[in-house]
2 protein chains.
Amino acid sequence: MNTSATPQLRPGGRSARVQAAVHQAVRELQQEDTDGLTVPAIASRAGVTPSTIYRRWGDLTQLLADVAVEQMRPDTAPPDTGTYRGDLETWLGDYLEEIASEPGRKMLRDVLCTPVPDNACRCAEFMAQQVDIIRERAIARGEHVVSTRDVIDHVLSPLLYRILFASEPPSVDDLHHWIAGVLGHRR
Amino acid sequence: MNTSATPQLRPGGRSARVQAAVHQAVRELQQEDTDGLTVPAIASRAGVTPSTIYRRWGDLTQLLADVAVEQMRPDTAPPDTGTYRGDLETWLGDYLEEIASEPGRKMLRDVLCTPVPDNACRCAEFMAQQVDIIRERAIARGEHVVSTRDVIDHVLSPLLYRILFASEPPSVDDLHHWIAGVLGHRR
DNA sequence: TCACTAACGCAAAGTATTTGCGTTAGTTTG
DNA sequence: CAAACTAACGCAAATACTTTGCGTTAGTGA
């Protein structure tokens, strides 16, 4: 029932090994089978029994959400292009490309579809962190910056709205237009 | 397998009655049971067999998405408060309250969690229609308006982003701030 | 080392999902 | 209007997934 990734180290805890095996099994099967992604299949691949997965994650959707959140965790800081605007355009461009792809959209759905909102929050924190890194770097350069909140409200939000609700993902031009918008008006 | 609501009228089609019964059963059970919302339960309540539902909708998630989309369809035009800003603040305020509630968030999840993106698109169209009605009314009054696209990008998008990804829904002040933002800057 | 606790494996029981086949209802054609 | 046609439906058997009780095992603290 523990959907979080933080293992509580009480007497009988043995979480790390099983969690790693199950997560890896999910990632592998997601690439191969595309379709037959079931708890028994994951359990078999991970070398555990289905009941282990059910007891630990509850059901398939929560396991998939857990895996998706981990895959969304940034593994590196946004590339430094030398300017605030350049950093935003580059990182958000890469992010757009990644999240607009079919596996990317699947990951987003996996995260959003769990009844517990915690997973989506963690993704939001990841994204805010990246925007913050870009912002701090710009401040160190002496550039004029806007709040991370404004970047999220007026660039990341429309970007994700389009990907989730529209039939076509936003273009890079849309993205640059939104960035120009937040950089243009003050606060 | 026909997940859309438009019934194609070929020889053996008999869709309308069963669809209505199943949709109503889902809505009833969603209020009562909260939890035991299964295909067999829905089928029993609707007076059909489970196989009917599986053949027609594929699985529970697609059925729930279909029902959620129908519940999101606006039944009335946004109230006319006399001004563009007032109409936006009132309709978006009501919308925020509705969609930030637990059943509202559940509906959003149901719509977004289906692999076929068609459902979410229809919801986006519903929302755009409402914003457009408000806009046309303002134009008829001779008011200065902004594009529906800008309202969606800079008001609706952050609103939905917060509801989906943040731990707290946006406040009415946030909403008014976003509306003031789009009404303030040109285009 | 020993006691303790939570997680795990196993297997049986309980549900949900899929599928083949016969039947029924709605549509089109003559 | 009647006959032919087609897709959806009901039924029931087969399959697959999920839940649960109980004994065992591995990690933790004393």
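Here is a tour of the place where the two chains meet.

Before you click anything, keep in mind that this is a predicted model.

**Stop 1: both chains.** Color chain A and chain B separately. Turn chain A by 180 degrees, with a shift of 0.0 Å along the axis, and it can be laid on chain B with an RMSD of 0.1 Å. That is how a two-fold axis relates two copies.

Stop 2: Now select the residues where the chains touch: 30 residues of chain A are in contact with 30 residues of chain B. Of the interface residues of chain A, 100% are interface residues in chain B too, so the copies meet through the same surface. Together the chains bury about 2,700 Å², and 62% of that is on carbon and sulfur atoms.

**Stop 3: a salt bridge.** How many salt bridges are there between chain A and chain B? The count is four. To see one of them, select D153(A) and R162(B), whose closest N and O atoms are 3.3 Å apart.

**Stop 4: the helices.** On chain A, highlight helix 6 (102-112), helix 7 (118-141), helix 8 (148-165) and helix 9 (172-184), which each give two or more residues to the side touching chain B. Which helix of chain A gives the largest share? Helix 8 does, with 12 residues. Finally, color this side of chain A by class: you'll get 18 nonpolar, five polar and seven charged residues.

Definitions and conventions: Residues numbered from 1 in each chain as written. Chains lettered and ligands numbered in written order. Predicted model: local features only at pLDDT ≥ 70, side-chain atom pairs only at ≥ 80, totals over all residues. Heavy atoms only, no water. Contact = heavy atoms within 4.5 Å. Buried area = accessible area lost by both parts, 1.4 Å probe. Salt bridge = Lys/Arg side-chain N within 4 Å of Asp/Glu carboxyl O. Helix = DSSP H or I, 4+ residues; strand = E, 2+ residues; numbered from the N terminus. Nonpolar A, V, L, I, M, F, W, Y, C, P; charged D, E, K, R; others polar. Least-squares fit on C-alpha atoms with pLDDT ≥ 70 in both.
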